[in-house]
Amino acid sequence: MKRFLKIYLDKPELAGLALLIVLVLVFQAKSNGILLSFENIRGVMGLLPEMALVAIGVTLLMICGEFDLSVGSVFALMPMSMSVILNSGVPFTAAVLLGLMICGAVGFINGYVTLQFSIPSFITTLGMLFIARSLTIVISGGFPPLLPPDLPTWLFTDYIGGSPFRMSFLWFVVIAALVAALLSLTNFGNWIRATGGFNEAAASMGIPVKRVKIACFMLCSVLAGFAGLLQVLRLGSPLPSIGEGLELQAVAAAVIGGTALAGGIGTVFGAIVGTLLIRTIDNGLVLSRVDANWFKFAIGVLTMFAVIANAWMGKMSRKIKVEAHK
Amino acid sequence: MKRFLKIYLDKPELAGLALLIVLVLVFQAKSNGILLSFENIRGVMGLLPEMALVAIGVTLLMICGEFDLSVGSVFALMPMSMSVILNSGVPFTAAVLLGLMICGAVGFINGYVTLQFSIPSFITTLGMLFIARSLTIVISGGFPPLLPPDLPTWLFTDYIGGSPFRMSFLWFVVIAALVAALLSLTNFGNWIRATGGFNEAAASMGIPVKRVKIACFMLCSVLAGFAGLLQVLRLGSPLPSIGEGLELQAVAAAVIGGTALAGGIGTVFGAIVGTLLIRTIDNGLVLSRVDANWFKFAIGVLTMFAVIANAWMGKMSRKIKVEAHK
Amino acid sequence: EGLNIAFISHSSASNTFWQAVKKGYDDACEKVGASCQLILTQTEGAVEQAVANLQAAIASRPDAIFVAIVDNNAYDNLIKEAVDSGILVLAVNGDDSEGAKGNARKAFIGQGFSAAGYSLAKAQSENFPKEGPLNLVVGVNAPGQTWSEQRAGGVTKFLEEYKAEHSDREINITRVDSATDLALTADRIGAYLNANPDTTAYFDTGYWHAGVAKVLKDRGIEPGKVLLGGFDLVPEVLQQMQAGYVQVQVDQQPYMQGFIPVMQAYLWKTAGLTPSDVDTGQGIVTPEDVPTILELAKQGLR
Amino acid sequence: MTTPIIECRNLQKWYSGVHALKNVDLTIHPGETVGLVGDNGAGKSTLIKILSGVHHQDSGEVLIEGRKVALRSPKDAMRHGLETIYQYNSMVPTMSIARNLFIGREPMKWSVFGVGIMDQQRMRAESIKAIADVDLHLRSPDALVGELSGGQRQGVAIARAMHFKSKVLILDEPTNHLSVKETDKVIGFVRGLKAQGLTGIFISHNMQHVFQSCDRIVAMARGEIVFDKPTAETSIDEVHALL
Amino acid sequence: MTTPIIECRNLQKWYSGVHALKNVDLTIHPGETVGLVGDNGAGKSTLIKILSGVHHQDSGEVLIEGRKVALRSPKDAMRHGLETIYQYNSMVPTMSIARNLFIGREPMKWSVFGVGIMDQQRMRAESIKAIADVDLHLRSPDALVGELSGGQRQGVAIARAMHFKSKVLILDEPTNHLSVKETDKVIGFVRGLKAQGLTGIFISHNMQHVFQSCDRIVAMARGEIVFDKPTAETSIDEVHALL
Ligand SMILES: Nc1ncnc2c1ncn2[C@@H]1O[C@H](COP(=O)(O)OP(=O)(O)OP(=O)(O)O)[C@@H](O)[C@H]1O
Ligand SMILES: Nc1ncnc2c1ncn2[C@@H]1O[C@H](COP(=O)(O)OP(=O)(O)OP(=O)(O)O)[C@@H](O)[C@H]1O
Ligand SMILES: [Mg+2]
Ligand SMILES: [Mg+2]
C-alpha cells in the first residue's frame, strides 16, 4: 500500500489527477451539482480537445527543451488560411492538408531560425507570434471569409451518439494516444527526452538533436493549427482573433501536468490533466457565480494552488521510505 | 584594433548598440528625418524610462535565474492603489511609499511562494499576473479614480530645461546607475550572478540563495510599480488596463540586450539597449507608415532580426583569434 | 499634394470592427487623394501604446489626426500640442466623456460607449417578458478596459433604472467576466446558463455572444428563450440574428466612422469648413435589417 | 581525551527509495586526518554532504565540538568551521575565476549589514596568489570558469579551499582530474594540515594517496562503516581485501 | 606499414582567445593503444573532442583509414567507428540507466526510416548484463542516472562504451571517480583491446595506469605534442621529468 501510494504520488500527472478530483468535488458541491450535469460536461468537452491538443504540442516541445509562444497565432492562422483556400474553390480535404502544411512550415521556420542562429526559441516564437497573427489578418483582408455551408463538419463537431462528446473528442483521443506512444514507446521519443534532458550529452551520444527539435517544433505547430481548425468548425467562423493568449495557458497546462520548464521531463497525460484542471477551474468559477472583477483573482489563486499542491504531493512521496527495486 | 573589435563584439549589449545605430540610420532615412526630430525624440523618451525600468527589473530577476510575468499587472496595480490611497486623503509622498510597499509585498509573495514550495516562478507569477490585475480592477471599482489636481507631478513629468527629456528620464538614469552598480560592484551583485549561474554551487559556497532571489523578486516588482507610477503621472489618469502584455516585452528587451534565459548572464545596460531597440523599431515603423495589418509582421521580423544579428556578431567575435590576457 | 492623415486607435488589428473602419477610411482617402495611415496597437485597448503612437504621429506633422479618445486625461496634452501646431484633431469612435469640454479636439464622429450601452439595454428591454422575475447578465468582456467597462456601465445604468421603475418585479443583475474570445465566452456563458437556466437576457460588450448563440443552438434551446444582444455587426452575429438567437445589436457603423472624418478633414482643408460632430448612430439593428446589411457586408461597407 | 571536533551519531539518510546511510557513527578528533574509502555508491559523498549542510539527515545527530548542531545550509556548516570541496565541481561556470574564488566571502571596501562594495583589485591579486599556490598555470583570473579544462577547474576549487583554511577540511575526491604535479601538491597539503592543527577528511579511491596522507582509514560499504583503524595499524592490502 | 587508422595533420584550435591546439600531428595505427598524458589544460580533451566530432578544428585535417573526413557531429565520428567516453560525464540525468545506455542506438522491434518501437525488454536485459560486466552494483536499470553516485555514473559510461565496442575507443580520464575494483576492470579492458584488434586512446593523469595498459605514450604541453615514444622505450620517471 505504502509503496503503491509512493509510486502513485511520484508521478506529477497522477498527483494532478488527484487534485482534479478534489476540485471537481468542491465545485460540484458549490454549483449544486451542475458541474457534473450532462449539459455542462458537454459544454466543457467542446473546448477541451482544442486546448488540450495545443497543450500536448507545447508539452512535447518543452520536453525537448524549447518553447513556443506562437501557438495562439498558428491556432488562428490555420483555419483562416484554410477558409481562404476553400473560398478559392479547393475541396475540403485538400484545403485542410494545405492549412496543416502551412503550420508545419511555420514550425519549421521557428525551429530552423532558433537552431541555425542559436538564439532562444522564446524570441523566435515571440516574433512568430506577431508574424503569424499579422498574416492571419492580412489574408483575411480584414473581413473573415465565411465557411462554405456544405463542409463535412460532422466529422469534427457532431456529438457521438447520445454522449456529451463530439467527434473532435475522438480525434483528440486518437492524436493524444499517438503522441503518447511516440513519446514513450519509440526511439524518437527517447531522443526527445534525451535532447531536453541534457542537450550536449544527447548530441555526444550521436542523436541528431537539431533534427529532433525541428520535428518537435513542426509537430507543435501542426497540433496547434489542427486545434484551431476544430474550434473554427465548432463555432462556425474563422475570426482572426481566436487563440490570443493561448501560449501562456498552454505552458501553464503543461507545467501543472508536471512538465519541467528546463526540459527532459513531461508526459502527454500530464498535459491533458493540466488542461482539464484549468478548464475545470474556469468552468467551476463561472458556475459558482464569481463576480467579474474577482474572476481573474480566483483563476490566479487556484492555478498557483494547483501547482503548489502538486509539488507538495511530490515532496510527501519522496519522504515515504520504501526500499525501491530490490 | 582587432583586439578592440573583439572585446567590443564579445559583449552582447555593445553589439546591440551597434545594431541600434544601424536601425536608427535606416529609419531616419525612411521617415524623412522625422525619427531624430526633436518632437519625436521627445515622444520616445517619454515612454522609454517606463519600459526600461521594467526591463531592468526583469533582467535582474532573470540573472538570478527566475522569471516574472506579473510585472505588467504590478505596473497597473501600484498607481491604482496609490490613487485610491491619495483619494482617501493621504499625502502624496506617503501614498507613493505605500504603493511601492504594496509592490514589494507582491514581489515578496512571488518569491516566497516560488521558493517555499519549489514551484517554477513561471507559474507563481502567471498566477500573480491575474491576481494583481484583478485587484487593480477591484480597487478601482471598474472606473479609475481621478488623480487629485495638486500633485507634485513636475517632479516626474516636467521637461528638463529645453531638452526632450522629462524628469522621469533623470529618475530612470539614477535608478539604472544604482542597479548597475549593485550588480557589478557589490557583493550582493556577485551573489545574484552566482545564484543564477549555478544555484547549487552558489548555495554550497554559502550564499543564502533564497534570500537573494526574494530580494530580486521584490526589487523587480518595485521597479515595475515605479514605472507604472511614472506612466500614470505622465498620462494623468490611473487606468486599470495599462501594462497589459508588458511581461513578454520586458523579457524580449532583456534577451535582446544579452540576458540569458537560463540565468547568470546579463547587464542593466543591455536591458536599456534592448528596450531602446524595441521602442525604436516600434516608433520607426509608425513613422515609416507601415500598413496597420502588416505592422505586427514587421515587428516580429525585426525582433527576430535583432537577436539574430546580435548572435551573429557574437559568433564573429569568437572567431577573431587574438591571444587574450597575455 | 493631398491631405496627410493619421488615425490613432486603441485597438489591435485582429479586431474585426476596426477592419471595417479601416475600409471606410482607406476608401475615403482614395476618393480625396489623401495619404493616410491607420495606427493600431499591439494589445487590445492599450492606451499607453495609443498615446505613444499619437506622439509619433504628431512628430510627423500630418494635416489631420483622428484619434479614438478612450480616456479623459491621457490624450489631453498631446491633443493640445497638436492643435497648437495647426493640426486638425478629430475624435473618432471614442470621445472624452465631457465631450468638447474635455480636450481641444475639434469634433467627434462616432458614438459614445456609455450611451450605446444604454440604448442596447433599452432596445432589448422591449423583448423582456412582461411579468415574472428577470435575471439579467452583463458580460464584461475585458474588466478594467475602458470600452468594455463603459459599455457595461451604460447597460447597467439602464437596467438599474428599469429595475427602479418596476420595483414590483424581482430583477437580478449579475456581472460576469466573459472574456474576449468566441470560444471562451461560449464556454463561460454556456456554463452559466446551465447553472442558471432561468436567465432572461445576456448582454455582451462586444460581439462574442455569437458564440453563446451557437451554444444555445447546439443545445436545441429555441431562439428567444435567452435574449442576446451586443455590439458591432460582424458576420457571425448577423448569422445568429437571422437564426433568431440575437435580438438586438448596436451598430456604430464603423465604415462611416472611417469615412466621414476624412471627408470633414478634406472640406476643412479645401474649403475651410468647420468639422462638426456626427453621431454615427445609436444604430439599433434588429433581425429585420439583416438581409440588407448582409448585402452591404459583402462589399465591406458594414 | 579531547572533545571530538565532529561526532556523528546514528545518522540515517534515505533518498526516496534508497537507504544511503544506515546508522552511521563516526567520531573525529581535532588534528586528525581521516581517509574515507569505499566502493562506488557506499555513501561517502552522502555522509559528507550531511556534514557540509547540503543534505539533511533523516534521523541521528551531528555534534561539532561537543555541541549538537543543526546544519541547515552550507552556510551553517561554514560558520562552524567546516569547509568542503565537493566531488562534483561546484563553481559557477558563467563567472570569472577571481569572482568564483571569493563567492560569499568577498573582501569589501565597505559594507552595511553585510552588503557593500567589493574590493575587486584585492580579489584579483589574492586569486592570482591562491592559484599560484596550487601550482596551477592559468592565463588570467578574469577567465570564466566555464572555459577551463577539467583539471583547471578542480585546481580552482582546491585553491579556494586552501585559501580559506578552516578548522575542518572535507575533500571529496579532490585529486580527480588533477595532473601529477598538482596531485602531489594536494597530498602535501593534506599532510600539512596536522602541523597547522587542522582536521581533514579525505575521500579517494586511490589507496596510495590515502595512505600517504592520512592518520586513520575509515571504510564504508552499502551505507555502513565497516572498517576504522589508524593507518599505522593497517595496510593497503588489508583495505583492498575488505572492499 | 599499414595505413594509420587515425591521422591528424596540423590541427589548430582556438577557443576565442585561447590557442588550445598548435599544429598537432598524430598518427595512430590499428591495434595500438596510445596513452595521452599532459598537464592540466595541455589540450588533451580538445584533441579528442575534435576526433569525436564535438568540436571542429580551425585548420588542419583528420584522416581516418587514410581518407580525409569531416567530423561534423559525434554521429559522424561514430559512423567512422570512433567511440568516446568524455571527461565530463555525458549521461542524461533525467533518464533511466537502461535508456541512457542505448540512447541513439535503441534496439528496435520494428522501424521505418530509423524510427519505430523500441524493444524495452531487451534494453533492460542487456543493460543489466552490461553493468554487471563492469562489476558495478546497481539497484535496477530503471534508476535515474541523476540519482547515481559519481562513480556509479562513470561506471555506466564505461559500460556503454564496452557494450558498443567500436574500431577505436577514446577514453578521457575514465578512471576518475571509479573504485579500485572498477579501475582494475577498466585497465584490464584497455589492455584487452589489442587482442581484439581494436585501437585505443587512453587519457589519464595516473602514470601507473597508462604505463600498465598502453603500448605508446604521447605527451602534450601547451597545445603541442612534446613527447612520443613506445612504452617499452621510456619510463614513468622520464615522462614525469618532462611534465
Ligand atoms: N540524489 C539522489 N537520489 C537518489 N539516490 C541517490 C542520490 N544521490 C546518491 N544516491 C544514492 O545513494 C547511494 C550513496 O551515494 P553516494 O554519492 O553517497 O556514494 P559515494 O560513496 O560517494 O560513491 P562514489 O565513490 O561513487 O562517489 C548510492 O546508491 C546512490 O545511488
Ligand atoms: N570552452 C572553452 N572555452 C575557452 N577555453 C577553453 C574551453 N575549453 C577548454 N579551454 C582551454 O583550452 C585549453 C585546453 O583545454 P583542454 O580541456 O583540452 O585541456 P586538457 O588537456 O584536457 O586538461 P585536463 O587534464 O585538465 O582535462 C585550456 O587552457 C582551457 O582553459
Ligand atoms: Mg561520491
Ligand atoms: Mg581534459
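Which helix of chain C holds both Lys23(C) and Asp27(C)? Select the two and you land in helix α1 (residues 16-32) of chain C, where they sit 4 residues apart, about one turn of the helix. Helices here are DSSP runs of H or I with at least four residues, strands are E runs of at least two, and both are numbered from the N terminus.

Before moving on, some housekeeping. This is a predicted model, where local features need pLDDT of at least 70 and side-chain atom pairs count only at pLDDT 80 or more, while totals for chains, interfaces and linings use all residues. Residues are numbered from 1 along each chain as its sequence is written, chains are lettered from A and ligands numbered from 1 in the order in which they are written, and side-chain values use heavy atoms, with hydrogens and water left out.

**Stop 1: salt bridges**

The term means a side-chain nitrogen of Lys or Arg within 4 Å of a carboxyl oxygen of Asp or Glu. Lys23(C) is partly exposed at 29% relative accessibility. On that scale, buried is under 20% relative accessible area, exposed is over 50%, and partly exposed is in between, using a 1.4 Å probe and protein chains only. Over all chains, the structure holds 47 salt bridges.

Next, select Arg133(B) and Glu244(B), whose side chains meet in a salt bridge of 4.0 Å, N to O. This pair links distant parts of the chain, 111 residues apart: Arg133(B) belongs to helix α6 (residues 121-140) of chain B, and Glu244(B) to the loop between α11 (209-235) and α12 (246-256) of chain B. Colour by accessibility and Arg133(B) comes up buried at 4%, whereas Glu244(B) is partly exposed at 24%.

Now jump to chain E for Glu65(E) and Lys167(E), a salt bridge of 3.3 Å, N to O. Glu65(E) is in the loop between β4 (59-64) and β5 (67-69) of chain E and Lys167(E) is in the loop between α5 (150-163) and β9 (168-172) of chain E, so the pair ties together parts 102 residues apart in sequence. Glu65(E) is partly exposed at 37%, and Lys167(E) is partly exposed at 35%. For a network, select Arg279(A), Asp282(A), Asp177(C), Asp187(C) and Arg188(C), which are joined by salt bridges that share partners.

**Stop 2: magnesium ions**

Zoom to ligand 3, a magnesium ion coordinated by Ser45(D) through OG and Gln87(D) through OE1, at 1.9 to 2.0 Å. Ser45(D) is in helix α1 (residues 44-51) of chain D and Gln87(D) is in the loop between β6 (82-85) and α3 (97-102) of chain D, so the pair ties together parts 42 residues apart in sequence. Ser45(D) is buried at 16%, as is Gln87(D) at 10%. Donors are N, O and S atoms within 2.8 Å of the metal (3.2 Å for Na, K and Ca), and sites may look incomplete because water is not among the atoms.

**Stop 3: chains A and B**

Finally, show chains A and B. Rotating chain A by 180 degrees, with 0.0 Å of shift along the axis, superposes it on chain B with an RMSD of 0.1 Å. That is the relation of a two-fold axis. To find the axis, pick Ala262(A): its C-alpha is the nearest to the axis in chain A, at 4.3 Å.

Methods: Least-squares fit on C-alpha atoms with pLDDT ≥ 70 in both.
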